[in-house]
Amino acid sequence: MAGILGYLLPSVLAGGHAMIEMITGHRLLVSVMLVLLIVKFLFSAFCFGSGAPGGIFFPLLILGAYIGAIFGTIIITGTGIDACYLTNFITIAMAGFFTAIVRAPITGILLIAEMTGTFEHFLSLAVVCIISYIVAHLLGSEPIYESLLGRILAKNGLVKNEGPEK
């Protein structure tokens, strides 16, 4: 599958830097970004589900960046907001998506602040991360690393400790 993607859509196989450059350096169509988002998501799920060693950290950030780029492009096109704000949509969506999946809002805020090298978006990062944390919690989705721990424990015949009995 990686060979086919390497031939048809090589940017999806990269570590993510090339994909980020595509959305920040070029004005891609929403449909193209949507295809890249879906293919990256499916390929990341396939790779992760295969059990081969690898990470989910950077794919999470790339998926968040594409969600932000798609949303930002639609908003910019529809409302006439200056296109220079697209990077704001991208970075804030990265933090929100990371927080919703990992359930670490402070880490999401600091990670994106460190990656951008500025505290200019600190308040907006904090608001989006807290909202995404609350929404993910209310929807009942399990944090990714807890679900991974549960899968490893189940594979080894152990039971995850849910805390003290009530």
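Helix 6 (residues 105–116) and helix 7 (residues 122–139) have axes that come within 9 Å and cross at roughly 145°. This is a predicted model, in which local features need pLDDT of at least 70, side-chain atom pairs count only at pLDDT 80 or more, and totals for chains, interfaces and linings use all residues. Residues are numbered from 1 along each chain as its sequence is written, and side-chain values use heavy atoms, with hydrogens and water left out.

**Helix 6 and helix 7**
- The crossing of helix 6 with helix 7 is right-handed.
- Pro 105, Gly 108, Ile 109, Leu 110, Ile 112 and Ala 113 of helix 6 meet Phe 122, Leu 125, Ala 126, Cys 129 and Tyr 133 of helix 7 (contact means heavy atoms within 4.5 Å).
- By class, the residues of this contact are 10 nonpolar, 1 polar and no charged (Gly counts as polar).

**Helix 4 and helix 5**
- Helix 4 (residues 57–79) packs against helix 5 (residues 86–102) at an angle of about 135°, with the axes 7 Å apart.
- Helix 4 and helix 5 are therefore oblique to each other (angles under 35 degrees count as roughly parallel, over 145 as roughly antiparallel, 65 to 115 as roughly perpendicular and the rest as oblique).
- Helix 4 and helix 5 make a right-handed crossing.
- The contact of helix 4 with helix 5 has 19 nonpolar, 4 polar and no charged residues.

**Arg 103**
- Arg 103 is found in the loop between helix 5 and helix 6.
- Although not a glycine, Arg 103 has a positive phi of about 65°.
- Most residues other than glycine have a negative phi.
- Arg 103 is buried, with a relative accessible area of 14% (buried means under 20%, exposed over 50%, partly exposed in between, with a 1.4 Å probe and protein chains only).

Technical notes: Axes are lines fitted to C-alpha atoms, for helices over the stretch in contact, and angles run from 0 to 180 degrees between N-to-C directions. Helices (H or I, at least four residues) and strands (E, at least two) are DSSP runs, numbered from the N terminus. A crossing is left-handed if the near helix is turned anticlockwise from the far one by less than a right angle, and right-handed if clockwise.
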